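Please look over the sequence and structure below with the following briefing, which takes up strand pairing, a helix and its surroundings, and a single residue.

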Amino acid sequence: MAPPLQPLRRLQETSGPSRRSLLAGVAALGALGAAGCSRVPTASTTDGGDLLDRLKAAGVVRLGIAGEIPFGYIDRNGELTGEAPELAKVIFKRLGVDRVQPVPTEFGSLIPGLNSQQFDVVAAGMYVNPERCEQVIFSNPDYQMLDSFIVRKGNPMGLRSYQDVVEKKARFATGTGYAEIAYAVAAGYKESDILIVPDQVAGLNAVEAGRVDVFAGTALTTREVVKKSAKAEVTEPFKPIVDGKPHVDGGAFAFRPTETKLRDAFNVELDKLKESGELLRILRPFGFTEAEMTDLTAKELCGG
């Protein structure tokens, strides 16, 4: 994972496969057509890049995804879906590109794959942070995300922040490579005492079985996973403290640094969707709510 106070979304850059099997995604991709079938030359020779023009001519854009629900994945029917791909379908259609084509990879391979031209855009709900901004350029975020805890019904220890976890000596768990590791450590929790589990489902199981007092994850994933639990509940979303200040993460699309024209055109259409309310309608089926809508900019999250 990145240095402790540089928040990442869910999986660190050096991690292995994401929580959903990439093998399933790759197999399903065969039904959609191999990624190389519509390959678009990607070397730009003009200021700001000419990739958008070439994508229009080809009629297809290749999306790098990480096989992760609800952000970007291949479903059981072999169809590409998720909040980022569904949003990409709408925006690229408006930009004159009729088709999107998935290129599944590991989360940690998304930025290297983008910069080595294996695909045209990262569509995986990737958090924007200064470290990543040194390698790619981002659209403005299409969503923001707070943290939340899974706790036993009634929240008997009154855990509502990472500071509470430290002060009350709660047994704490979070997921492999999650940003929440860094947030807990920043609050004073000893990293070696954190129980690391594969994902939010395993975290819920740990809380229900009494192996831990609390599991930390994103507000979206925690509230979705507890819906059918009789033993656990989710706390109100909250902002973790980063460098002494409350912090909000934002997820966005990533582009190669040379392709500013494509990024800027994408942002124009994204802004229209935000203003009309259509963005929420696109993202709502994947568990997003009004609370996840945002006016954050990539510039803010990149550090100015």
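Strand β8 (residues 147–152) and β11 run antiparallel and are joined by five bridges, where strands are DSSP runs of E with at least two residues, helices are runs of H or I with at least four, both numbered from the N terminus, and two strands pair if DSSP finds at least two bridges between them. This is a predicted model, in which local features need pLDDT of at least 70 and side-chain atom pairs count only at pLDDT 80 or more, while totals for chains, interfaces and linings use all residues. Residues are numbered from 1 along each chain as its sequence is written, and side-chain values use heavy atoms, with hydrogens and water left out.

**Strand β11**
- Within the antiparallel pairing of β8 and β11, I150 stands opposite F215.
- Strand β9 (residues 172–175) runs parallel to β11 through three bridges, and F215 of β11 is the bridge partner of A173.
- Because five of the five residues of β11 (residues 214–218) are buried (under 20% relative accessible area, with exposed over 50% and partly exposed in between; 1.4 Å probe, protein chains only), β11 is largely enclosed by the rest of the structure.

**Helix α8**
- The buried residues of α8 (residues 200–208) are Q200, A202, G203, L204, A206 and V207, and among the elements that cover them are β8, β10 (195–197) and β11.
- Just after α8, G210 takes a positive phi of about 80°.

**Residue A88**
- A88 lies in helix α3 (residues 83–94) and is buried, with a relative accessible area of 0%.
- A88 and L270 are 182 residues apart in sequence, yet 9.6 Å apart in space, C-alpha to C-alpha.

Conventions
Contact = heavy atoms within 4.5 Å.
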